[in-house]
Structures are given as C-alpha cells and as structure tokens.
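Colleague: I have a model open and would like to learn how to read it. Can you take me through it, feature by feature?

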Amino acid sequence: MFTRVEKYSRQSVIDAAELLKAGKLVAIPTETVYGLAANALNEKAVADIFLAKGRPQDNPLIVHISDMSMLPPLVCEIPDIAKRLAERFWPGPLTMIFPKADIIPNVTSGGLDTVAVRMPESEAARAIIKECGFPLAAPSANLSGKPSPTAAAHVFGDMNGKIPLIVDGGECSVGVESTVVCFKGDMIHILRPGGITAEMLSEYGKVEIDKAVTAQPEKDEKVLSPGMKYKHYSPKADVYIVNAHGDKFAEYCAERVKSDKKVIVLGSGVSENGVYFDYGKTPELQAQRLFALLRKADEIGAETVLVEMPEQSGVGLAVYNRLLRAAAFRIIEV
C-alpha cells in the first residue's frame with residue numbers, strides 16, 4: 001500500500017473523510033498526539049486499527065467527536081459533573097468514560113460496558129470528524145508500545161505501507177495523550193494524567209488519582225483506559241529515570257556517558273551536544289518534547305536513555321506517568 005502525506009487543508013479533510021467512509025484508516029493530527037482513525041461504529045474498520053498497530057484487543061479505544069450533539073447517541077447517561085467538565089474543557093485534551101450505548105461495538109470499547117469519549121481541540125481533527133458525520137476511534141498512530149507520534153514524520157516511520165493517508169497538521173502542541181477520567185458519584189477519578197491536570201479538575205469536584213498512574217497494574221488486570229499497561233511509549237533503547245537534579249544528576253550522567261558511549265541523557269535545561277538533550281525546564285515543554293526525544297534515541301542508535309526525574313504535579317504527573325511506562329518502572333536512586 002502506498003501511504004501519502006497531505007498537509008492539512010480543505011482538500012485533505014475531504015480526502016480523509018472519503019477514505020474513512022469507505023472503512024479505511026487515516027492518521028489525523030490532534031493537539032495531543034497523532035491518532036490512527038477509523039469509523040468508531042464500524043467493527044471491521046476498528047479491528048483494522050488493532051492489526052495496523054499490533055495492539056492488544058483488550059486495550060480500549062477513545063472515541064472522538066466534533067461537537068456535543070454527537071455524544072448522547074454513544075452513551076447511556078451523561079452525569080451532571082461530566083456536562084460541567086465538557087462545558088469547561090471541551091474541545092480539549094480531556095477524555096471522559098461513560099456507560100456505553102449499544103451502538104458502540106465491543107471491539108471499540110475493548111470488551112467493556114463503558115466507552116471513552118473526547119472532543120479534540122485540534123481544528124483539523126474536528127473538521128475531519130464533522131466531514132465524516134460519524135465519531136472516530138483514534139488511538140495513537142504508532143506501532144503498539146513505541147513512543148507516541150507528535151509529528152507526521154513519526155507516523156510515516158511507523159505506518160508507511162499500512163495506511164493510505166496521513167494528514168499533516170504540524171507538531172502537536174500538548175505532546176502527551178489526553179487526561180482520562182471516570183466518575184464515582186461526584187468524584188472525578190483520574191485513570192491517565194494529561195494536559196488537563198488534577199489541579200484544574202479539582203475546581204469542579206473532589207479528585208482522586210488511580211494508583212495505576214504511578215504503579216504497575218496487576219498482570220491480568222482489566223484496564224479501563226489506554227496507557228495503563230505495564231510497558232508502553234518505549235523506544236528500543238532501555239530507558240531509566242534518574243531520581244536526581246542539578247549537580248548530582250550531572251555527575252551521575254557524566255560517569256555513565258564516560259563508561260558507555262551508547263548512552264544519551266535527557267535533562268532539564270542541559271546544553272545539547274549529541275549525547276545530552278534538553279527536554280525542557282517546564283513540565284509543559286517536557287510533555288511536548290518527550291516522545292520525539294525517545295524516538296531520536298532509536299534514530300541515533302542509543303542503547304540506554306537516562307532521563308531526569310520530572311515533577312509529579314500538574315502536567316509533570318503526565319510526563320512522569322509516560323516515563324514510568326517507557327522505563328518499565330526502572331528508577332535509579334542517586
């Protein structure tokens with residue numbers, strides 16, 4: 001199959017919608033990461049997402065909508081708190097989990113009786129959904145387990161020959177996947193942290209963070225959200241989180257680099273030189289840059305990646321969550 005890349009435009013929206021209506025897969029830009037989209041209501045098309053990605057079928061997909069009128073047919077009920085969050089954070093990087101309506105195929109929901117839904121902030125994504133007239137299931141457009149794609153070139157590297165079209169909307173502004181929440185009464189329960197933080201959500205109700213955000217889920221545990229599995233977002237290189245900052249971090253990494261030429265370092269505000277890479281002084285910058293830098297590790301043949309411990313609040317919690325999975329929970333205490 002020939003995979004073409006088209007810059008986001010009115011014509012690329014039409015081309016994408018024609019393919020999606022025909023049951024094909026299309027990679028689309030969002031503000032979080034690029035998504036591998038299919039008609040969320042078409043079982044065969046959704047099954048093809050799993051085949052293209054090599055993704056386990058028990059991993060639920062997020063359904064993307066372009067406006068609030070698309071939500072009621074997909075779900076059995078919409079709690080008042082969800083309405084308030086939608087009013088504040090949609091369109092945006094927030095996914096909410098609802099009891100699903102019969103219209104949602106089991107393959108889309110990963111066999112669960114719930115469905116995860118979000119309205120992306122990306123103008124391109126919403127335009128494509130609107131042109132289709134149906135919701136899109138769209139997990140990250142990468143091979144399963146690899147770092148998520150935040151640029152069209154990343155998608156092409158993983159999906160060339162597997163899908164007919166990539167719509168290029170430029171680099172993703174958020175850089176990590178959406179925050180995923182479910183509800184326990186008026187409690188907002190965070191299953192996966194992202195660009196909408198616990199601190200932001202706490203203005204609308206009591207917030208609790210699932211233990212799996214910072215800990216390993218049980219081996220056979222059924223997960224309610226994408227990204228909760230043990231190892232995820234990982235390059236071929238072995239990733240380690242280094243729990244140190246400043247001089248301690250610099251000294252530890254200098255010793256490792258001296259003894260092993262296939263080590264690269266991702267640090268906060270470091271001077272870049274082909275071994276050391278700056279992944280940002282703020283959590284927001286780290287979120288934007290993380291996946292691209294993990295992909296760069298493979299491009300330059302690194303065997304080990306040492307990453308400075310991020311903050312564990314605000315967007316930093318999302319960065320930490322992704323790094324834990326990329327590193328298979330390996331943390332070096334200095």
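Modeller: Start with a side-chain pair: a polar contact of 2.9 Å joins the side chains of Y252 and R256. A polar contact is a pair of N or O atoms within 3.5 Å; within protein, one must be able to donate a hydrogen and the other to accept it, and residues adjacent in sequence count only if both atoms are side-chain atoms.

Colleague: What should I keep in mind about the source?

Modeller: This is a predicted model, where local features need pLDDT of at least 70, side-chain atom pairs count only at pLDDT 80 or more, and totals for chains, interfaces and linings use all residues. Residues are numbered from 1 along each chain as its sequence is written, and side-chain values use heavy atoms, with hydrogens and water left out.

Colleague: Where does Y252 lie?

Modeller: Y252 is in helix 8 (residues 246-259). Helices (H or I, at least four residues) and strands (E, at least two) are DSSP runs, numbered from the N terminus.

Colleague: Is Y252 buried, exposed or partly exposed?

Modeller: Buried means under 20% relative accessible area, exposed over 50%, partly exposed in between (1.4 Å probe, protein chains only). Y252 has 21% relative accessibility, so it counts as partly exposed.

Colleague: Which residues is Y252 in contact with, leaving aside its neighbours within four places in sequence?

Modeller: Contact means heavy atoms within 4.5 Å. With those neighbours left aside, Y252 is in contact with V242, L306, I332 and V334. T197 is another matter: Y252 and T197 are 55 residues apart in sequence and 31 Å apart in space, C-alpha to C-alpha.

Colleague: Now D158. Is it buried or exposed?

Modeller: D158 counts as buried, because its relative accessibility is 4%. D158 is found in helix 6 (residues 152-159). Its side chain makes a polar contact with the side chain of K146, at 2.9 Å. Leaving aside neighbours within four places in sequence, the contacts of D158 are A141, N142, L143, K146 and R295.

Colleague: How do I read a whole helix?

Modeller: Check its span, then its surroundings. The expected span of a helix is 1.5 Å times one less than its number of residues. Helix 10 (residues 315-326) has twelve residues and reaches 17 Å from its first C-alpha to its last, close to the 16 Å expected. Twelve of the twelve residues of helix 10 are buried, so the helix is largely enclosed by the rest of the structure.

Colleague: What do the buried residues of helix 10 pack against?

Modeller: Several elements, including helix 9 (283-299), strand 12 (238-243) and strand 15 (304-308). Just after helix 10, A328 takes a positive phi of about 50°.

Colleague: And sheets?

Modeller: Strands of a sheet pair through backbone hydrogen bonds, either parallel or antiparallel. The rule here is that two strands pair if DSSP finds at least two bridges between them. Eleven strands form an open sheet in the order 1-8-2-3-7-4-6-5-9-10-11, with mixed pairing. Strand 1 (4-7) and strand 11 stand at the edges, each with a single partner strand, so one side of each has no neighbour in the sheet. Strand 2 (residues 26-28) and strand 3 (residues 35-39) run antiparallel, joined by three bridges.

Colleague: How many disulfides are there?

Modeller: A disulfide is a covalent bond between the sulfur atoms of two cysteines. With a cut-off of 2.5 Å between cysteine sulfur atoms, the count comes to zero.
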